[in-house]
Amino acid sequence: MSERTRRYVIGYALAPKKQASFIQISLLNLAKERGIDLIKIDTDKPLTDQGPFDCILHKIYGDDWNCQLKQYGTENPKSLIMDSLEKIERLHNRISMLQVVTELEIECKTSSFGIPKQTVIYDAKTVTANYLENEGLKFPVIAKPLVADGSLKSHKMLLVFNKDGLRKLKPPIVLQEFVNHGGVIFKVYVVGDYVKCVKRKSLPDVNEDNLGRLESYLSFSQVSNLNTCEKKDDKYYKLMNLENSELPPLGLLGDIARGLRRATKLHLFNFDVIRDNRVGNRYLVIDINYFPGYAKMPNYERVLTDFFWDVLNRNDMGFKSLKEVRVLVGNNGCGEDEGTLPLLPLTMEENEKPIQV
């Protein structure tokens, strides 16, 4: 088949909700124009009986699917699988997820970054105010399920204001330091070499003097996506103006994105960042998600299509990846030990001025 008529087939296996948001007609049409056909994988049939696929895009979980994916990769070594199951697994545990951030070696003279203090609870009876103090925590704290596998249960969180709220915990759970951050969260999307930062409304700041007058806890599902019934202070959200919130240094975000990509060997993820109000130039990474809601990202169709076209063409020209991990590399073809992976300039919302990194 000539270069001009060469078409690529990407098989996608996504949970129904993810499929509904990501697989839009606009994406399918744009990809088709670039010679890429996105084909739904029938998870009720053996994967090895389907295809052939130049690439498999996936975000579903289960032992059966994992076995099928590994078998397909063995029988079809030229097919790209995005991303490695073993590498994705690290993001399913909220402790190992953020541990990778602490391993990054990034120099920044004007700002600093890190993660909130946190501890794992396996027995609810051990959770007392004294226990929190020994762990370097104090009220309020955020309680998150230890497992972060994308299920509804894994998104159920509590903002605990006092000891009464501790009784609602259902271990295993992670207790994470709550840091006042001006009610704004920065979501940084990574698609291969492309990085984009957007601002979203978040939990409001908490005045410690008011803790005694607050309910024992506040239930929410996602820090950046509170629904109407969860917004205990609706007036706060109506008055909040995201335009007044200053963006983090884009050079720092680019360095973190580059570092996470190298450390995790993943290519489709995002990480959430907040600004610590106690120290204005300190930023905390509070979450990392594999294959996030890209449809919420402006121009996601173009970004993803460009990414697909790039990796498929490089693979077609003899692109090599590790047999076990099948890691995709940057535009210059460098591997993990061959220097820094390249990142395109960070881009912002359409109404914000882009800044070169």
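**Close-up 1. Arg90 and Glu103 form a salt bridge in this predicted model.** The closest N and O atoms of the pair are 3.2 Å apart. Arg90 sits in the loop between α4 (85–89) and α5 (94–102). Glu103 belongs to the loop between α5 and β5 (112–114), so the contact ties together parts that are 13 residues apart in sequence. Arg90 is partly exposed, with a relative accessibility of 27%. Glu103 is also partly exposed, at 44%.

**Close-up 2. A salt bridge joins Arg258 and Asp255 within helix α8.** The N to O distance is 2.9 Å. Helix α8 covers residues 250–264. The two partners are 3 residues apart there, which means a separation of about one helical turn. Arg258 has a relative accessibility of 17% and counts as buried, because the cut-off for buried is under 20%. Asp255, at 27%, is partly exposed.

**Close-up 3. Asp310 pairs with Arg314 in helix α9.** This salt bridge brings the closest N and O atoms to 3.0 Å. Helix α9 spans residues 300–316. Asp310 and Arg314 lie 4 residues apart in α9, about one turn of the helix. Asp310 is partly exposed, with a relative accessible area of 22%. Arg314 is buried at 14% relative accessibility.

**Close-up 4. Arg34, Arg302 and Asp306 make up a salt-bridge network.** Salt bridges link these three residues. Side chains of opposite charge can pair when their charged atoms come close. The structure as a whole holds 14 salt bridges.

Key:
Residues are numbered from 1 along each chain as its sequence is written. This is a predicted model: local features need pLDDT of at least 70, side-chain atom pairs count only at pLDDT 80 or more; totals for chains, interfaces and linings use all residues. Side-chain values use heavy atoms; hydrogens and water are left out. A salt bridge is a side-chain nitrogen of Lys or Arg within 4 Å of a carboxyl oxygen of Asp or Glu. Helices (H or I, at least four residues) and strands (E, at least two) are DSSP runs, numbered from the N terminus. Buried means under 20% relative accessible area, exposed over 50%, partly exposed in between (1.4 Å probe, protein chains only).
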